[in-house]
Amino acid sequence: MTDLAIAANGLRKSYGDKVVLDGVDLAVPEGTIFSLLGPNGAGKTTAVKILSTLVSPDPGSGRISVGGHDLATDPQAARAAIGVTGQFSAVDGLITGEENMLLMADLHHLSRHEGRRVAAELLARFDLTEAAKKPASTYSGGMKRRLDIAMTLVGAPRIIFLDEPTTGLDPRSRHTMWRIIRELVADGVTVFLTTQYLEEADQLADRIAVLHDGTIAAQGTAEELKRIVPGGHVRLRFTDPAAYRSAATALREASPDDASLALRIPSDGSQRALRSVLDRLDSAGVEADELTVHTPDLDDVFFALTGGVDLPHQPTEAAR
Ligand SMILES: Nc1ncnc2c1ncn2[C@@H]1O[C@H](COP(=O)(O)OP(=O)(O)OP(=O)(O)O)[C@@H](O)[C@H]1O
């Protein structure tokens with residue numbers, strides 16, 4: 001057994017002439033959240049389908065192992081270790097939440113007694129006990145999504161693939177889902193998450209990979225990815241025009257914005273850089289009325305990586 005829950009080398013997949021995955025390497029340590037980001041059609045779902053044994057990779061692909069099992073030689077064992085919650089819900093709306101759970105328990109060959117115990121426990125955990133006897137078609141989007149994950153957990157998988165788990169959910173339901181995902185990982189489960197929401201990857205993922213043109217354009221922690229795009233700065237705002245002019249003289253590298261009496265100073269936002277700005281303001285005897293630090297966010301990274309902008313360097317092999 002390896003300490004990587006998911007390991008893939010040179011993952012390739014084409015549909016006819018269309019190359020969807022063109023040599024993708026993935027390494028997801030056990031008990032972590034990995035997020036695959038990419039624009040629509042980038043191949044995220046295809047990657048999830050291959051890793052969860054629903055679709056075969058092209059013959060040119062390298063070794064893929066999931067849960068320590070080689071997908072080529074032991075797909076059955078890999079399948080037993082995973083759970084998949086896709087973009088299209090497995091929930092049957094015609095039967096109740098509880099019946100959906102019991103159906104999953106049957107599929108996993110749990111005894112009647114054990115099935116009822118597991119179903120009740122998971123329904124309670126996902127705050128669905130009250131709604132358990134109602135048809136799932138009457139559930140809200142958030143409740144359906146929670147039921148979907150609860151159904152995935154009936155088989156106690158060690159690795160869970162969540163394909164866009166919060167698409168279409170309101171902010172409250174999205175936060176509930178984030179709490180659920182964090183709790184899963186606290187229990188030692190590995191989560192492979194695809195999302196269109198950069199904030200979601202930023203909030204949850206230990207590591208993020210950006211998929212673009214069939215390859216991984218960059219991967220690392222959210223902080224590592226943010227460091228590869230320029231744009232960090234400190235913004236100082238003044239109410240007194242004289243103070244504004246003195247500050248502009250003291251901070252020669254600043255870009256002035258005369259209309260709003262604001263100065264923009266390129267900065268990595270570190271403590272040392274901030275101290276240098278404040279020291280120079282002190283020496284000039286001026287005080288800013290407002291100071292804000294802007295660090296690039298994942299949106300900046302995403303658009304830079306998938307929009308053809310030239311970047312200085314990419315920490316693809318950044319230390320784990
Ligand atoms: N079975 C298939 N046959 C032919 N083409 C396919 C098939 N499945 C996916 N594709 C194509 O492969 C590309 C990647 O699709 P995929 O669903 O993996 O993207 P995605 O990143 O998950 O996109 P989205 O965010 O829109 O869900 C798309 O161009 C899609 O049309």
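1. Two residues count as in contact if their C-beta atoms, placed from the backbone, lie within 7 Å. On that basis, ten residues of domain 1 are in contact with twelve residues of domain 2. Helix α5 (residues 141-153) gives the largest share of the domain 1 side, six residues. That side divides into eight nonpolar, one polar and one charged residue.

2. The model is predicted: local features need pLDDT of at least 70, side-chain atom pairs count only at pLDDT 80 or more, and totals for chains, interfaces and linings use all residues. Residues are numbered from 1 along each chain as its sequence is written.

3. The protein chain is divided into domain 1 (1-91 + 146-229 + 296-320), domain 2 (96-138) and domain 3 (233-294). These bounds come from an automatic or database domain assignment. The C-alpha centres of domains 1 and 2 are 28 Å apart.

4. An open sheet of six strands runs in the order β6-β7-β8-β3-β9-β10, with mixed pairing. β6 and β10 (215-220) stand at the edges with a single partner strand each, so one side of each has no neighbour in the sheet. The twist averages 15 degrees from one strand to the next. Strands pair if DSSP finds at least two bridges between them. Strands (E, at least two residues) and helices (H or I, at least four) are DSSP runs, numbered from the N terminus.

5. β6 (residues 82-85) pairs in the parallel sense with β7 (residues 159-163), over four bridges. V84 has F161 of β7 as its bridge partner. F161 in turn is bridged to F192 in β8. β7 and β8 (residues 190-195) run parallel, joined by five bridges.

6. Both faces of β6 are covered. I82 and V84 on one side, and G83 and T85 on the other, are all buried (20 or more other C-beta atoms within 10 Å of the residue's own, all placed from the backbone).

7. Helix α1 (residues 44-51) lies across β3 (33-37), β7, β8 and β9 (207-212), at about 155 degrees to β8. Helix α5 packs on the sheet, touching β6 and β7, and makes about 165 degrees with β6. Axes are lines fitted to C-alpha atoms, for helices over the stretch in contact; angles run from 0 to 180 degrees between N-to-C directions.

8. Around the ligand are Y15, V20, G38, N40, G41, A42, G43, K44, T45 and T46 (C-beta atom, placed from the backbone, within 6 Å). Helix α1 supplies the largest share of this shell, three residues. By class, the shell has three nonpolar, six polar and one charged residues.

Definitions and conventions:
Ala, Val, Leu, Ile, Met, Phe, Trp, Tyr, Cys and Pro count as nonpolar, Asp, Glu, Lys and Arg as charged, and the others, Gly among them, as polar. A residue is buried if 20 or more other C-beta atoms lie within 10 Å of its own, exposed if 12 or fewer, and partly exposed in between; C-beta atoms are placed from the backbone.
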